[in-house]
Amino acid sequence: MRSGHRLGRRFGWLWGAYGTSELGTWLAFGAFPLIAIQVLHAGPAEVAALSSVGAAVGAAVAVPLGPWVEFRRKRPVLIAMDLVRFAALLTIPTAFALGVLTFLQLLLVSVVVAAADITFRAASGAYLKTLLPAEDLLIANARFESTAWTTTIIGPPLGGAAIGLLGPVVTVVADAVSYLLSALGISATGGHEPQPERREAARMRAGDLLNGWRHILADATLRPLFFNTALFNGLVMATQPLLAILMLGQLGFTPWQYGLAFAVPSIGGLLGSRLARPLVTRFGQHQVLIMAGALRALWPVGLAFLGPGTGGLLLVIGVELGLIFCCGVFNPVYATYRLERTATDRVTRTLSAWAVTTKASTALLAAVWGVLGGLLGPRTAIGLAGVLLLATPLLLPRHDHAPQHEPGPARSRT
């Protein structure tokens, strides 16, 4: 491997495009609910629908896109998905300026953006695998992970300040522009990308829609990891609204304290992503996957003991710091592990199936935990999720099966 782990100009443009769009996303964090509440005077049910229904329908729309994208060049697809998100988001400030913005438009835009997000992430995984040799995938995924946590730290405070000064619509404009800049960055990667060869009939068959799930469920290593990540992510995300209710309502934390409790621990994700590769070098990929996957499940149950005041705030920061640090280690290792065990001509369908399942399970568990929070109270529901999370390491792959060996791309760096 080359000194300094230089991954080349083409990866540099892809990485820069990723960071730009991630920053735009976090600048606009919470903008849709705020627009619904402040501009359209929407109620709680409508606000909840923006995140749950929009994501679920967007995931369903993305299902047929996976097989369609699989047999096309990935760079044009990435550019197209960025431009789709740019155009969809730009309709919101345009409609707002004309005084014709509606809740239905917000919901439709959330569906389009969710579907484009899934398709983009699936295509980017396949593109990355053709762009870099296998031994560089962990380095690349660790850089993406550290960038994601960096933008998580920077974006919401800047976006919050912009919303306070100019209103939530301006951050949607920033998010839209970030996708346009991302499209330009991906376009600048250049290079020749061969047309994927389709060994089947040219017409897409119904079975293609399920091919990603079939591949995952037939693989002894991917199958448990698939269920582990879907359940873990779903349970963690399902408790976030309940934690907001508990902190901002019953325990009397201020909004700035609530934001601080989740902004500061993001530093843990940055540190974890930097340690992922050294840990893999020392202990091995599978061992790090198991250790980080198990350790990340230990933290959330601590939120059930949350109390008021400084002690409670420090408890949340400590729990989230430990959780996010472990996720920072786990995520790039898991992303690389998954890519290495999926043939190049199945990557897009596999990642699409994975993302669709994750979004659907998160929406379902969020709805279930909303009901449980109403019946049992937010603290008890959070504690129940924490207890269930303690069992998720049992779904991690116990044995490390050798990945499929494929010829990698040329080693020359452009």
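How are α1 and α8 oriented to each other, roughly parallel or roughly antiparallel? In this predicted model, the axes of the two helices come within 8 Å and cross at roughly 170°. Angles over 145 degrees count as roughly antiparallel, and α1 and α8 are therefore roughly antiparallel to each other.

The residues that form this contact can be listed for each helix. From α1 come W13, L14, A17, T20, S21, G24, T25 and L27. They meet T171, A174, D175, S178, Y179, L181, S182, G185 and I186 of α8. By type, the residues of the contact comprise 8 nonpolar, 8 polar and 1 charged.

T171 is one of the α8 residues in that contact. The helix itself spans residues 169-187. T171 has 2% relative accessibility and so counts as buried. Leaving out residues up to four places away in sequence, T171 touches L27, A28, A31, G159, A162 and I163. Of these, L27 belongs to the α1 side of the helix pair.

The nonpolar cores come next. The largest one has 29 residues, and those with the most contacts inside it are F11, L14, L128, L132 and I186. Helices that each supply at least two residues of this core are α1 (9-27), α5 (74-98), α6 (103-131), α7 (137-166), α8 and α16 (347-376). The largest share, 8 residues, comes from α6. L14 and I186 also take part in the contact of α1 with α8.

Key:
Residues are numbered from 1 along each chain as its sequence is written. This is a predicted model: local features need pLDDT of at least 70, side-chain atom pairs count only at pLDDT 80 or more; totals for chains, interfaces and linings use all residues. Side-chain values use heavy atoms; hydrogens and water are left out. Helices (H or I, at least four residues) and strands (E, at least two) are DSSP runs, numbered from the N terminus. Buried means under 20% relative accessible area, exposed over 50%, partly exposed in between (1.4 Å probe, protein chains only). Contact means heavy atoms within 4.5 Å. A nonpolar core is a set of buried Ala, Val, Leu, Ile, Met, Phe, Trp, Tyr and Cys residues joined through side-chain atoms within 4.5 Å. Axes are lines fitted to C-alpha atoms, for helices over the stretch in contact, and angles run from 0 to 180 degrees between N-to-C directions. Angles under 35 degrees count as roughly parallel, over 145 as roughly antiparallel, 65 to 115 as roughly perpendicular and the rest as oblique. Ala, Val, Leu, Ile, Met, Phe, Trp, Tyr, Cys and Pro count as nonpolar, Asp, Glu, Lys and Arg as charged, and the others, Gly among them, as polar.
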